[in-house]
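I open the notebook on a new chain. The plan is to go from the overall surface down to single residues.

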Amino acid sequence: MDFEYTQEQLAVREAARDFATTQLLPRVIERDIAATFPKELILQMGEMGFLGMMSSPEYGGGGMDTISYVLAMEEISKIDASAAVIMSVNNSLVCWGLEKYGNDQQKQQYLKPLASGKSLGAFALSEPEAGSDATSQKTTATDMGDHYLLNGTKNWITNGNTADIYLVIAQTDSTKGHHGISVFIVEKGWPGFEIGKKEDKMGIRASDTHSLMFSDVKIPKENRIGDLGFGFKFAMETLNGGRIGIAAQALGLASGAFERSLQYARERYTFGKPISEHQAIQFKLADMDMEIEIARLICMKAAKTKDMGKDYSKLSAMAKLYASKVAMETTTEAVQIHGGYGYVREYHVERMMRDAKITQIYEGTSEIQKIVISRSILR
C-alpha cells in the first residue's frame, strides 16, 4: 500500500488551501450571518477548475482523480463548508452523473458549461414526502408524445436558486415502483418552473437551499437521461459518489476545528501555563487527531476504490457515516476547548459545529448509511 500523495495531488491540495485561506476566509462569518451566497467566489472556483475536477478535459473538466477531489474538498471545508457543498453538488452529483450516463449531445450542451464553471448545477431528488424514502416520488413526468410535462415539488435543493441546470428525478410510471422513475435535465427559467422560498438553516447558511415547484413544465424528449425507468438507479449510483464528497466535507470540518483548537490551546493560558499543558486538553486533542486520521483513511480508501473502477458503495457509505460522526464530535469538542470564546462567532468553531450536523443528514442520513453497509455485508 502506498500512503503517499503524488506531486499533482499535493499541488491540488495546496491550491485549494491557498484559495480557502486568502479568498474564502476573510468574510466567511459575514456570509454565515447574512446567509449570503458567495457568487463571486464560486465563479472564481469555477475559473480555477474546482467545479468540474473529475470531469474529462474533453468537456471542460480537470480530468483529476477522486483523491485530488477529496483533498480539495477537505481544504475548502476547513474554512467554508457552504462553499464546499456547492462545489460537491456540482462535481459529484451533477457533472459526474451527466458524464457517466448522459449522451454526447447532453454532454456537449450541459456538461461543458457545468464542468468549466460557467454554469452551476443542482440535483433534485428529495420531496416533502420522499427524503430517505427516495422510491416514493410524487413528482411526475407525463409522456405527451414529443415532450414530457413535469409536475410536482422538490425540497432541500442545494444551489436551488443559483443553479442554471437541474437534474430532476420524477415518476414516469407509478405502476412500476422504483422501476418507473426517470431522470431529466431541466433548465432554469422554463415556463412553469418556479423557485420556492429560501430555507433559513442552522448551518451551511451561505449555500442556498430552496424548494422547487414544477407546473406543466415542458421537457424535450432529448432531455431524458438514459432509458425510461433508469432514474432511481441513476440517483443511487450518483449518490454513491456524492457521499465521498460529503465525507470529505465532514473531514474538512473536523480537521479545521482541530487546527483551530490546537492553536488556541497553545495560546490560551490558565493557572500560569498554556492549556495545552493540561492533561484534560491533551487527551481531547489526542482523541480528535486520532479520529480525524481514521476518517481520512477511510475517505481515501473509498476514493481510491472508485478510481480503480471497483464497487465503492459500501466504502462511500462507511466514509460518510464515520466522517460525519467525527465532524460532529470534533467540532463540539472544539467549542469545549475554546470555552466561552467557542460560543461566539469570532472564533469560528461554533459555526463549524452548526455546519457539521448536516453532514449526518443530507445525501443519505447516518441511518441510511447503516442500511447500505448492512445490505452490502449480508448480500
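I started with the accessible surface of the chain, which comes to about 16,600 Å². Carbon and sulfur atoms account for 53% of that surface. I note that this is a predicted model.

Next I looked up the overall dimensions. Along its principal axes the C-alpha trace spans about 80 × 45 × 35 Å. I counted the secondary structure too: eleven helices and ten strands. The radius of gyration is 21 Å, close to the 21 Å from the globule rule for 379 residues, so the chain is as compact as a globular protein of that length.

Then burial and contacts. I find that 56% of the 379 residues count as buried. For contacts between residues at least 6 apart in sequence, 74% join residues at least 24 apart.

**Cores**

Which residues touch the most other members of the largest nonpolar core? I get Ile-76, Met-87, Leu-98, Leu-150 and Val-186, out of 110 residues in that core. Helix 7 (residues 231–267) gives the most to this core, with 16 residues. I also logged a second, separate core of five residues, which includes Ala-317, Leu-321, Val-372 and Ile-373. The general background: nonpolar side chains tend to be buried together in soluble globular proteins.

Leaving out residues up to four places away in sequence, Leu-150 touches, among others, Thr-139, Val-168, Val-186, Phe-214 and Ile-219. Asp-216 is also one of its contacts.

**Helix 1**

I checked the length of helix 1 (residues 7–24). At 1.5 Å a residue, its 18 residues should span 26 Å, and the end C-alpha atoms are 24 Å apart, which agrees. Its buried residues are Gln-9, Val-12, Ala-16, Phe-19, Ala-20 and Leu-24. They cover an arc of only 100° around the axis, so they lie on the same side of helix 1. An α-helix has 3.6 residues a turn, so residues three or four places apart point the same way. What do the buried residues of helix 1 pack against? I find helix 2 (28–34), helix 3 (39–47), helix 4 (66–79) and helix 5 (81–101).

**Arg-354**

Last, I looked at an arginine in helix 10 (residues 349–357), Arg-354. Is Arg-354 buried or exposed? Its relative accessible area is 16%, under the 20% cut-off, so Arg-354 is buried. Not counting residues up to four places away in sequence, Arg-354 touches Asp-32, Met-202, Gly-203, Arg-205 and Arg-345. I also took the distance to Arg-205, which is 149 residues away along the chain. The C-alpha atoms of Arg-354 and Arg-205 are separated by 9.5 Å.

How values were computed. Residues numbered from 1 in each chain as written. Predicted model: local features only at pLDDT ≥ 70, side-chain atom pairs only at ≥ 80, totals over all residues. Heavy atoms only, no water. Core = buried A, V, L, I, M, F, W, Y, C linked by side-chain atoms within 4.5 Å. Buried < 20%, exposed > 50% of the residue type's maximum accessible area, 1.4 Å probe, protein only. Helix = DSSP H or I, 4+ residues; strand = E, 2+ residues; numbered from the N terminus. Contact = heavy atoms within 4.5 Å. Expected span 1.5 Å × (residues − 1). Arc of directions from axis to C-beta. Rg over C-alpha atoms; globule rule 2.2 N^0.38 Å. Areas by Shrake-Rupley, 256 points an atom, 1.4 Å probe, with all protein chains shown as cover.
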